[in-house]
Each structure stands twice: as structure tokens, then as C-alpha cells.
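Welcome, and please open your viewer. We will go from stop to stop, selecting residues as we go.

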Amino acid sequence: AVAVADSHHLAAFTVDKIKSPGSVYVFDLQDQKLYGMAGRLPTGIHSMAFSPSARHLACSASDQKLLIFRILYAGKTLSYYSKDLPDEEKAALKKQGFLGNELISLPLAAQDESIAGTITARSFDQKERLVAVSDNGTILLYDESFKLLKTAQSKSGRKPSGVRFSPDDT
């Protein structure tokens, strides 16, 4: 899965390993450096999207979870420095030219494990609220702290393939 933040020069992608859980990597496209990572995830990620401010990254997990990672800035660099990666992973990333001064751990801001189905689409509004839809037709609305506000079932009898807020965030 790949996601690009509109105006924040960030891109994220996932790597799912056959024998171990996957990882999410965030790159600064301007500096061409790896700035963040969420590693050893308990499941694979099949799609993701940045919020408009690029402060959050919502990921649809293959085990029917919604994971939301926090991305905070300290000046021009991401914050939350971490030294929790095994030395062999740091060495492999450095050898590939991805590792700058420090690798940043992406903290988990929220997760929803109560989803009956796999999230197939998600969208943020300008206030960082999130709307998502699952493959069973359930539409989920979260507030800006990612508390589930409401769920609704699609009434068309068809499974929605996408979901978005209107331009005025309603």
C-alpha cells in the first residue's frame, strides 16, 4: 500500500513479510530520507491515507482493524525519536541509504477493532474527522480524537467502494 500527503512532501508505504508482520515506512520526499516507521505490526496493511494536515495516517489492516498513526512535526523534522529497532534492522536500513540521524517511531493514535469487515475506503475532513466504509457496507464516522460517533449501513443494497466528506466538511 502507498499513500502520499498532498502538500506535506510525505509518502508512506508498507512492507509485508511472509514470516513476520508488516511495517509502515514514512519518507520525506523533499529530503529523500526515511523519517518514520511503525514496525512489527500484528497484521498486514492493504490501504492507507494521510489526513489533509499530514498529522495522521489511517491504515486499513487485513485483520479488519483500522489503525491510525500520529505524525507530529518539530520544526521541519518529525518528532518521536525511537531507538527500539533491533540493530540488524537499523543496519539494513542504513546500508540501503534510508536511515538519517535517527529513525522515528510512529505512535499509534487510535485503533478500532470492532469493525465487521475490512475497511475499503477512508477520508479525513479539514478538522481531522474520519469517515470510513467497510466491505460489508458499513459506514463509520469518527470524531477528531477518533472516537466512533456513528455507524450506518448502506441503504442502496450495494457495497460502497468509496467515501468522502463534502467540500464544506459536512
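**A tour by selection**

Select F27: at 13% relative accessibility, F27 counts as buried (under 20% is buried, over 50% exposed, in between partly exposed, with a 1.4 Å probe and protein chains only). Before moving on, note that this is a predicted model, in which local features need pLDDT of at least 70 and side-chain atom pairs count only at pLDDT 80 or more, while totals for chains, interfaces and linings use all residues. Residues are numbered from 1 along each chain as its sequence is written, and side-chain values use heavy atoms, leaving out hydrogens and water.

Ring pairs link F13, Y25 and F27 into a cluster (rings of Phe, Tyr and Trp, its six-membered ring, pair if their centres lie within 6.5 Å; planes under 30 degrees apart are stacked, over 60 edge-to-face, the rest tilted).

Next, colour strands β2 and β3, which pair in the antiparallel sense over six bridges (strands are DSSP runs of E, at least two residues, numbered from the N terminus; two strands pair if DSSP finds at least two bridges between them). Look for T14, whose bridge partner in β3 is V24. On β1 (residues 2-4), V2 stands opposite F13 in β2; β1 and β2 (residues 10-15) are antiparallel too, over three bridges.

Finally, select L29 in the loop between β3 (23-28) and β4 (33-38). Is L29 buried or partly exposed? Its relative accessible area is 46%, so L29 is partly exposed.

Key
Helix = DSSP H or I, 4+ residues; strand = E, 2+ residues; numbered from the N terminus.
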